[in-house]
Amino acid sequence: MTAPDEVADPQPGPAGSPPRPASRLERLRRLGTFQTIREVPSYRWYLLTVAGNMSAMQMQMIARGILTYQLTGSYAALGLIELANTLPRLVFALTGGVVADRSNRRTITQVGQTFNALIAGALAVLLFMDLLTFAHLVIGSVLAGISNSFSLPARQAMIPQIVGIGRLSNALGLNASMMSVLRLSAPAVAAAVIAFAGASWAFLLMALLYLFSTVVLFRVHMLPDAETGTTRRPRSAHRGNALADIAEALQYIVRSPVLRMLLVVDMFLGMLMFPYQRLLPGFVSDVLAETEAAIAVGLLLTFTGVGALIGALAVASIPNRHRGKLVIGSVTLFSLGLLAFSASDVLLVSCGIVLVMGVGQTGRQALNNILIQSNVSNEYRGRVSSVMLFEDGIESLGIFAIAMLATVVGAPIALAVTAVLMLILAGTMWFAMPSYRRLD
């Protein structure tokens with residue numbers, strides 16, 4: 001990737017004339033932000049499937065939250081629905097990583113997406129028939145959590161097989177950036193659909209997005225092993241015990257101090273950063289009550305998505321330097337924004353605040369994922385991706401704890417406490433973890 005300070009180099013002009021400045025288009029091409037998209041057709045199709053799948057997943061999360069709070073009026077119920085979705089990963093995620101390293105990753109992803117489409121479709125039917133209950137939402141969350149335990153590690157581990165080793169860093173940056181943008185912007189679409197058409201149509205849209213992603217994935221083709229750096233495991237190893245494969249991956253992580261540090265920090269940051277979005281339906285209903293809840297949630301998430309887009313493009317453009325410092329800076333930016341958000345009771349002011357938070361959250365997620373994936377051998381990529389998914393289940397315990405705190409003291413104080421804890425963690429990363437600060 002070309003460093004930003006090289007972008008402004010003058011371009012040669014006609015003989016005898018002074019060099020002409022690089023045009024805006026030339027500077028963008030030399031920056032290399034979208035290099036892999038331009039050069040690898042299969043990666044373009046892959047990003048399209050990511051857009052469909054992640055949009056549906058993130059829409060479902062916010063739709064479940066809105067419906068849960070409408071049905072129960074309880075922050076504890078919001079925490080419980082998050083547990084129902086992520087705790088299955090504690091049981092199945094590591095096994096999903098083994099399956100991803102042993103089997104056809106595209107097929108595993110397609111099966112999981114089809115199952116998710118059936119779940120969303122079933123919930124849509126219940127909503128159309130006016131039969132949906134909180135219990136249905138819990139069951140759907142559990143089933144989706146099981147499905148994602150297998151499909152998400154397989155999807156993440158596909159990237160080196162699509163783009164090869166030379167383009168891996170840029171591809172990971174673009175993928176992480178897109179996922180971060182969708183994680184923050186797709187829920188805004190769900191909230192808007194719920195507000196203007198109803199939750200039943202939102203779930204139907206999710207089912208169609210899952211199916212769209214499954215079909216488009218047929219256009220994604222894998223490179224030969226020699227171009228991807230993938231080492232095929234001996235055929236006998238595929239007949240081994242899944243527990244042995246999991247233990248092998250965990251030993252690999254333990255032997256890698258950098259990877260171990262990145263995964264542990266990622267888990268604690270996830271515990272503190274995700275509650276904001278999960279508690280948003282209740283926060284809006286209680287603090288910003290002058291606006292209809294679904295509309296206010298959609299507006300806030302739209303501004304968050306704008307900030308996420310800014311952060312995503314910045315991450316995809318920066319050179320491979322100072323990423324550790326940038327992660328810490330992103331955490332600090334998000335934390336200060338969350339502290340201000342917890343004190344605001346004016347919707348327009350909150351919209352400006354969450355735009356800044358979107359930049360910080362996307363920067364943290366994308367950069368941390370790039371650092372993790374850049375420090376993993378391809379042989380272990382599926383299982384390490386499953387460890388990250390396993391951490392999501394652990395993170396849900398923190399989300400549930402903050403939801404319970406919000407039940408007792410209110411969402412504004414709970415979010416303020418979360419912001420302070422993140423600032424403490426950012427300070428620890430800077431002053432007490434110099435190896436993290438020096439990561440490139």
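These notebook entries record what I looked up in a predicted model of one protein chain.

**Entry 1: ground rules**

I number residues from 1 along each chain as its sequence is written, and side-chain values use heavy atoms, with hydrogens and water left out. As the model is predicted, local features need pLDDT of at least 70 and side-chain atom pairs count only at pLDDT 80 or more, while totals for chains, interfaces and linings use all residues.

**Entry 2: the chain as a whole**

I looked up the secondary structure and found 20 helices and zero strands. Helices (H or I, at least four residues) and strands (E, at least two) are DSSP runs, numbered from the N terminus. Of the 440 residues in the chain, 55% are buried (under 20% relative accessible area, with a 1.4 Å probe and protein chains only; exposed is over 50% and partly exposed lies in between). I then turned to contacts, meaning heavy atoms within 4.5 Å. Among contacts between residues at least 6 apart in sequence, 85% join residues at least 24 apart.

I located V331 in helix α16 (residues 323–343). V331 counts as buried because its relative accessibility is 0%. Leaving aside neighbours within four places in sequence, I found V331 in contact with L269, R364, M422 and A426. M422 is 91 residues from V331 along the chain, yet their C-alpha atoms are separated by 7.1 Å.

**Entry 3: helix α4 and its partners**

I compared helix axes, which are lines fitted to C-alpha atoms over the stretch in contact, with angles from 0 to 180 degrees between N-to-C directions. The axes of α4 and α5 (residues 88–102) come within 6 Å and cross at roughly 20°. α4 is therefore roughly parallel to α5 (angles under 35 degrees count as roughly parallel, over 145 as roughly antiparallel, 65 to 115 as roughly perpendicular and the rest as oblique). L83, A84, N85 and T86 of α4 meet P88, R89 and L90 of α5. By class, this contact has four nonpolar, two polar and one charged residues. Ala, Val, Leu, Ile, Met, Phe, Trp, Tyr, Cys and Pro count as nonpolar, Asp, Glu, Lys and Arg as charged, and the others, Gly among them, as polar.

The axes of α4 and α7 come within 7 Å and cross at roughly 35°. On the α4 side I noted A77, L80, I81, A84 and N85, and on the α7 side F134, L137, V138, S141, V142, A144 and G145. The contact of α4 with α7 has nine nonpolar, three polar and no charged residues.

**Entry 4: cavities**

I searched the whole structure and found four cavities of 30 Å³ or more. On a 1 Å grid over the protein atoms alone, a cavity is a set of points where a 1.4 Å probe fits but cannot get out, and lining residues have an atom within 4 Å of a point. A volume is the space filled by probe spheres set on the points, which are joined across faces, edges and corners.

The largest cavity holds about 690 Å³. It has 36 lining residues, of which M179, R183, M388, L389 and D392 are the closest to its centre. The lining divides into 14 nonpolar, 13 polar and nine charged residues.

The second largest cavity holds about 110 Å³. Its lining includes Q58, M61, L78, P187 and R278. α3, α4 and α14 (275–287) each give two or more residues to this lining, and α3 gives the most, with five.

How values were computed
On a 1 Å grid over the protein atoms alone, a cavity is a set of points where a 1.4 Å probe fits but cannot get out, and a pocket is an open set with protein on both sides within 12 Å along at least five of seven lines; lining residues have an atom within 4 Å of a point.
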